[in-house]
Amino acid sequence: MRDSVSVRKELGLRVRALRKKRKWSQEDLSHESGLARSFTGAIERGEKDLRLTTLVKLANTFRIPISQLFK
């Protein structure tokens with residue numbers, strides 16, 4: 001069983017990998033998703049518990065199903 005901190009960190013690493021795959025800066029991700037740059041940075045560092053609405057925004061931004069944010 002995984003704890004919430006490790007899940008947040010894994011999600012953050014996945015978001016960073018998806019962003020870098022697209023050759024986006026954090027500023028680019030912020031612009032594409034409508035989320036603040038400081039917030040996207042905190043997501044990548046695993047510092048934020050995310051709401052479902054934020055997960056949907058990220059998945060839509062990357063054009064992937066939400067489940068792929070956790071793979």
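Q: Hi! Let's start with Gly-12: is it buried or exposed?
A: Buried. In this predicted model, Gly-12 has a relative accessible area of 0%, and the cut-off for buried is under 20%.

Q: Where does Gly-12 sit, then?
A: Its place is in helix α1, which covers residues 4–21.

Q: And which residues does Gly-12 touch, leaving out those up to four places away in sequence?
A: Ile-43 and Glu-44. As for Arg-45, the C-alpha atoms of Gly-12 and Arg-45 are 5.6 Å apart, although 33 residues separate the two in sequence.

Q: Switching to α2: which of its residues are buried?
A: In α2 (residues 26–33), they are Gln-26, Leu-29, Ser-30 and Ser-33. Looking down the helix axis, these buried residues fall within an arc of 100°, so they line one face of the helix.

Q: Nice. What covers those buried residues of α2?
A: The cover includes α1, α3 (37–44) and α4 (52–62).

Q: What caps the N-terminal end of α2?
A: Ser-25 does, with a side-chain oxygen 3.3 Å from the backbone nitrogen of Glu-27. Just after the helix, Gly-34 has a positive phi of about 80°.

Q: New topic: how many aromatic pairs are there in the whole structure?
A: The search finds one. Its rings belong to Trp-24 and Phe-62, with centres 5.8 Å apart and planes at 20°, so the pair is stacked.

Q: Why does that pair tie together parts that are apart in sequence?
A: Because Trp-24 is in the loop between α1 and α2 while Phe-62 is in helix α4, the pair links parts 38 residues apart in sequence.

Q: Is Phe-62 buried or exposed?
A: Phe-62 is buried, at a relative accessible area of 2%.

Conventions
Residues numbered from 1 in each chain as written. Predicted model: local features only at pLDDT ≥ 70, side-chain atom pairs only at ≥ 80, totals over all residues. Heavy atoms only, no water. Helix = DSSP H or I, 4+ residues; strand = E, 2+ residues; numbered from the N terminus. Buried < 20%, exposed > 50% of the residue type's maximum accessible area, 1.4 Å probe, protein only. Contact = heavy atoms within 4.5 Å. Arc of directions from axis to C-beta. Polar contact = N/O pair within 3.5 Å; in protein donor to acceptor, adjacent residues only side chain to side chain. Phe/Tyr/Trp six-rings, centres within 6.5 Å; stacked < 30°, edge-to-face > 60°.
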